Amino acid sequence: MTSHKMIRSGCAVLTAAMMALSLAACGGAGAPAGDQKKVIGVSVADQKSLFYVAEVAGIKDEAKKLGYEVNITSANNDSSAQVKQVNDLLTKEIGALIFTSQDSTAAAAGVRAANKADVPVVAVDQRPESGQGDLATYIATDSVKAAYELCTWMFGQIGGSGEIAILHGVLGSTAEIQRTEGCQKALKETPGIKVVAEETANWDETEAYKATQNILTAHPNLKAVFGESDAMSLGASKAAKASGKTIFSVGIDGFPTMFDAVASGLTQATMAQQPYMMGQLAVRNAIALMEGKGQDIPKEQYQDTVLINKDTVTKHKVEDFYGPDAQSFK
């Protein structure tokens, strides 16, 4: 049999519990959830490219420094997988998305999904075509300028004439389009240079090696190769060396391995990017947007590159571009 005292006691406990729940719902005492910082979602194309490895390192270090949590996904160069990963991040109610897309398809789909979820997007390195989604900001290397300056320098080094080949990155990606544009501008200013071959090597050293072998067979007088990335420039140089030929080979990235290759004379130059710093900047921008303080963030934030050749390679540290752990990326 239940006594009246027990009933009153039970009611008191129930009332106290209901009050506690009410306080929690209103963000009162004992309800830290309302003050929790939202997680920053990160989607990158892969974690094989040293650029993306350094970018993620910068993201992790800056987020830790500023006391924010990041949820990082890598698509392993699969556009469809990346779109799914972005949608999965959005279901977790992230506060902002740092997005380095695999290609224009993933970029457009991912950005549109984030726009629909009202999550601000900080794009790094790649972005959708115009009209394919709204970005809070776009952080990238000025690839047109970098390719133009690099190709102009290379043409001067080989005497302003001769046969060259171009190795393209992933067709349709922002960097591939812009680097092609930059070198084409330099070509128009140097009529003595003849492009005898263009191959797509998808930023990959092995693909570039095979492509260059075929190019050298068809064009034994080839003087130089413009690789739109360091990996492709390295592949071209190694293929030429294996064939007993000497070519002038340049790339864009500033990889630790490329610093070594330039120093040893295997390759001749690279335009060093700043991916670690871009990752840090992306985190600061994402936090500002999440806190409602992103009004002054520029829509486009292009970063300059630095020419690394035999004359400058000893004057720069790769850590300045790829972060404190750069040497471990080799």
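A crossing of two helices is left-handed if the near helix is turned anticlockwise from the far one by less than a right angle, and right-handed if clockwise. Helices (H or I, at least four residues) and strands (E, at least two) are DSSP runs, numbered from the N terminus.

The structure is a predicted model, in which local features need pLDDT of at least 70, side-chain atom pairs count only at pLDDT 80 or more, and totals for chains, interfaces and linings use all residues. Residues are numbered from 1 along each chain as its sequence is written, and side-chain values use heavy atoms, with hydrogens and water left out.

## Helix packing

The crossing of H8 and H9 is left-handed. The table gives the geometry of this pair and of two others; axes are lines fitted to C-alpha atoms, for helices over the stretch in contact, and angles run from 0 to 180 degrees between N-to-C directions.

| Helix pair | Axis distance | Angle |
|---|---|---|
| H2 (residues 50-66) and H10 (residues 275-290) | within 7 Å | roughly 45 degrees |
| H3 (residues 79-91) and H4 (residues 104-116) | within 9 Å | roughly 15 degrees |
| H8 and H9 (residues 256-264) | 10 Å | about 40 degrees |

Angles under 35 degrees count as roughly parallel, over 145 as roughly antiparallel, 65 to 115 as roughly perpendicular and the rest as oblique. H2 is therefore oblique to H10, H3 is therefore roughly parallel to H4, and H8 and H9 are therefore oblique to each other.

The crossing of H2 and H10 is right-handed. Contact means heavy atoms within 4.5 Å. In this pair, the residues in contact include Phe51, Ala54 and Leu66 of H2 and Pro275, Tyr276 and Arg284 of H10. Ala, Val, Leu, Ile, Met, Phe, Trp, Tyr, Cys and Pro count as nonpolar, Asp, Glu, Lys and Arg as charged, and the others, Gly among them, as polar. On that basis the contact of H2 with H10 has 11 nonpolar, 3 polar and 4 charged residues.

H3 and H4 also form a right-handed crossing. Ser79, Gln82, Val83, Val86, Asn87 and Leu90 in H3 meet Thr105, Ala106, Ala109, Gly110, Ala113 and Ala114 in H4. The contact of H3 with H4 has 7 nonpolar, 5 polar and no charged residues.

Between H8 and H9, Asp230, Ser233 and Leu234 of H8 meet Thr257, Met258 and Ala261 of H9. This contact has 3 nonpolar, 2 polar and 1 charged residues.

## Pockets and cavity

On a 1 Å grid over the protein atoms alone, a cavity is a set of points where a 1.4 Å probe fits but cannot get out, and a pocket is an open set with protein on both sides within 12 Å along at least five of seven lines; lining residues have an atom within 4 Å of a point. Grid points are joined across faces, edges and corners, and a volume is the space filled by probe spheres set on the points.

The largest pocket has a volume of about 630 Å³. It is lined by 30 residues, of which Asp46, Ser49, Asn202, Trp203 and Asp204 are the closest to its centre. H2, H6 (174-188), H7 (205-218) and H8 (230-242) each supply at least two lining residues. The lining has 11 nonpolar, 9 polar and 10 charged residues.

The second largest pocket has a volume of about 160 Å³. Its lining includes Arg127, Tyr138 and Lys299.

There is 1 cavity of 30 Å³ or more. Tyr138 is among the residues that line the largest cavity, as are Asp125 and Gln273. Strand E5 (137-141) and H6 each supply at least two residues of this lining.
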